[in-house]
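Visitor: Please show me the model, and let me ask how each term applies to it.

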Amino acid sequence: MSTEVLDKKIKKEKISEPLLSKRRKKIISDPFNDDNPITIQVLGICSALAVTIKMEPTIIMAISVVFVMIFSSLITSVIRNYIPTRVRIIVQMAIIASLVTLVSEFLRAFNYEMFKTLGAFVGLIITNCIVMGRLEAYAMGNKPYDSILDAFGNAIGYGWIIITVAFFRELLGSGSVLGFKVFEFIGWENFPTNGLMVDSVGAFIIIGLIIWIQRSISGYVEN
Amino acid sequence: MDDITNLILKSIFVDNMVYTYFLGMCSYLAVSKKLTTANGLGIAVIFVLTFTAPLNWLIQENILKEGALVKYFGEQYATVNLDFLQLLMFIAVIASFVQFVEMVIEKFSPTLYGSLGIFLPLITVNCSILGGSIFMIQKDLTLVEATAFGFGSGVGFYLAIVALAAIREKLKYSNVPKGLRGLGITFLLTGLLALAFKTFIGMSF
């Protein structure tokens with residue numbers, strides 16, 4: 001009897017939960033810092049760092065990941081009760097691969113230059129562990145709307161890290177921001193650009209430093 | 001023959017999967033805490049890459065390429081280009097190959113399954129496998145070259161992950177600043193290792 005009443009109460013609360021309740025805001029905001037996919041969960045480092053030489057392709061990449069994550073989470077979450085557990089990986093792969101193909105064909109049609117710059121790395125969003133990781137960890141067990149929020153939060157948390165990395169790599173490696181020559185503009189004609197930053201070495205070191213700074217502020221210690 | 005050796009050495013040292021293309025970073029970071037597990041994953045990657053690269057090559061050349069369908073269905077298919085199915089096909093081939101290998105190993109060699117088995121499902125989502133197939137298509141290789149490229153890339157990944165695991169095992173005894181512990185120091189280490197691999201760039205074998 002008492003549990004029945006409790007159940008009803010919970011149900012009622014769930015129905016009347018506002019579109020952006022405190023819990024839901026937390027779902028979105030956690031991945032920005034405290035539970036960041038790159039620096040804390042160690043997901044999605046694979047393909048994305050390779051495009052961070054310049055800011056523009058990085059932003060396109062971040063947008064593509066946001067798109068793929070939101071829609072794959074939505075689809076997986078809607079059909080989650082019909083997916084047999086044994087073949088769930090293949091089902092998720094098929095969903096992600098179709099969405100990534102969509103993004104890649106869209107880029108080929110509307111921004112061919114960018115498609116060439118990004119090259120294989122658009123296709124490699126499929127195996128970007130962040131997409132799969134969130135589907136496994138969240139979308140398989142939660143309602144569609146919450147899953148979309150989670151996907152959005154994680155994609156943004158991922159996006160701001162790679163855009164920050166790209167900012168420093170482009171600034172120090174080519175002396176520009178979004179193609180705009182900053183140092184020439186302020187009158188520093190022969191700014192010595194750093195070849196290491198254009199190389200993959202720069203990306204590793206910058207992301208290591210970002211993690212150091214972030215963890216020193218938040219006080220998170222890994223054992 | 002010289003070309004093949006050259007291609008293998010180049011894909012191991014110069015175009016290293018981890019240090020140059022950032023592929024396979026997730027498992028590279030997550031499974032490099034112990035030398036033995038890193039070793040197991042590395043061998044599994046070499047194995048899967050060596051076989052999926054030629055498999056995907058055959059699919060690309062015989063089914064997906066523009067005009068490839070002519071030999072089965074006749075001239076009217078000359079303009080059919082199934083390139084857009086590339087990603088789906090490749091990932092399906094990789095996933096099923098990995099599943100198949102897992103079943104075979106489980107049946108015939110339980111000891112090998114015990115040491116390698118847990119890594120095989122992980123490999124499906126290892127970017128270096130799909131990356132290997134995509135790069136191989138972009139580079140326009142022949143079948144033999146594609147196999148060599150797959151093998152070389154696998155060995156490159158193996159070297160990278162084993163080197164990092166060995167360093168991280170020693171790192172346990174050192175006093176690392178708090179915020180850098182774990183992931184942070186690993187990234188800085190990877191940066192230094194990548195820098196070391198850069199020295200191979202000018203070499204021709």
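Guide: Chain B has ten helices and zero strands, and its order from the N terminus is α-α-α-α-α-α-α-α-α-α. The model is predicted, so local features need pLDDT of at least 70 and side-chain atom pairs pLDDT 80 or more, while totals for chains, interfaces and linings use all residues. Residues are numbered from 1 along each chain as its sequence is written, chains are lettered from A in the order in which they are written, and side-chain values use heavy atoms, without hydrogens and water.

Visitor: What makes an element a helix or a strand, and how many of each are in chain A?

Guide: Helices are DSSP runs of H or I with at least four residues, and strands are runs of E with at least two, numbered from the N terminus. By that rule chain A comes to eleven helices and two strands, in the order α-α-α-α-α-α-α-α-β-β-α-α-α.

Visitor: Why is the link between A:Asp199 and B:Lys198 called a salt bridge?

Guide: The term needs a side-chain nitrogen of Lys or Arg within 4 Å of a carboxyl oxygen of Asp or Glu. The closest N and O atoms of A:Asp199 and B:Lys198 are 3.0 Å apart, so the pair qualifies. The count between chain A and chain B is one salt bridge.

Visitor: Which elements of chain A give two or more residues to the side that touches chain B?

Guide: They are H4, H6, helix H7 (129–139) and helix H11 (200–218) of chain A. H11(A) gives the largest share, eleven residues.

Visitor: How many residues are in contact across the two chains, and what area is buried?

Guide: Contact means heavy atoms within 4.5 Å; 42 residues of chain A are in contact with 40 residues of chain B. Buried area is the accessible area (1.4 Å probe) lost on putting two parts together, summed over both. For chain A and chain B this is about 3,400 Å², 80% of it on carbon and sulfur atoms.

Visitor: What makes the second largest pocket a pocket, and which residues lie nearest its centre?

Guide: On a 1 Å grid over the protein atoms alone, a pocket is an open set of points where a 1.4 Å probe fits, with protein on both sides within 12 Å along at least five of seven lines; lining residues have an atom within 4 Å of a point. The second largest pocket is lined by 27 residues, and A:Arg108, B:Asp83, B:Gln86, B:Ile137 and B:Gln138 lie nearest its centre. Its volume, the space filled by probe spheres set on the points, is about 660 Å³.
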